[in-house]
Every structure is written in C-alpha cells, then in structure tokens.
Amino acid sequence: MVQGIVAFEIPVSRIEGKFKFGQNRSDADVQGVIDALSHSEDADRHALARMMAEERGVQHSDSPETDPPLTNPLAPARPT
C-alpha cells in the first residue's frame, strides 16, 4: 500500500476569511460576550470586544469615542 501514497502541491492563488462574531446569536448573547471580554485584563480581549461591538454596530462600553476605529482586514473596502 505504501506505493499508493503520492505527494502533490496546490498553488494558493487567493485566501478568503470571514469574521463570524456572534453569527446566529441573539443581541443579548453577543452583548454578554462583549461585556465579558471588556472586563478582562488582556489587551487582545479588549480589542476583540471593540471589534465585535463595531461589527454589530453597538457602542463598546469601555471604549471612549475618541479611540480610533478598528479595521477589519477582511472587510471589503468602503468608499470614503
């Protein structure tokens, strides 16, 4: 059976990704996750909470309005 094993390469021409923050979850569930992440001492969790809040279109409670908006690197470009 070892002779049946072959190697191959696949050239990668494009990579796509999606953010699915709270997909198919209620607003209350997502807000609970945002609140829990916001109360963490970890900066990455705070950033994730901010990004989730922006994706859902809600104000992040621990984020002052003067903070620059986070950018979703996978989001389509929006005209300015």
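Which side chains meet in a salt bridge with 2.8 Å from N to O? They belong to D27 and R56, a salt bridge being a side-chain nitrogen of Lys or Arg within 4 Å of a carboxyl oxygen of Asp or Glu. This pair links distant parts of the chain, with D27 in helix α1 and R56 in helix α2, 29 residues apart. Helices here are DSSP runs of H or I with at least four residues, numbered from the N terminus.

Before going on, a word on the model: it's predicted, so local features need pLDDT of at least 70 and side-chain atom pairs pLDDT 80 or more, while totals for chains, interfaces and linings use all residues. Residues are numbered from 1 along each chain as its sequence is written, and side-chain values use heavy atoms, without hydrogens and water.

Back to that pair. D27 counts as exposed at 59% relative accessibility, and R56 as partly exposed at 29% (buried is under 20% relative accessible area, exposed over 50%, partly exposed in between, with a 1.4 Å probe and protein chains only). The structure holds three salt bridges. Another one joins R25 and D29 at 3.1 Å, N to O, and E16 pairs with R14 at 3.0 Å.

Now for the inside. The largest nonpolar core has six residues: V30, I34, L37, A49, M52 and A53. Such a core is a set of buried Ala, Val, Leu, Ile, Met, Phe, Trp, Tyr and Cys residues joined through side-chain atoms within 4.5 Å. Helices α1 (27-38) and α2 (43-56) each supply at least two of its residues. Take M52 in helix α2: M52 is buried, at 6% relative accessible area.
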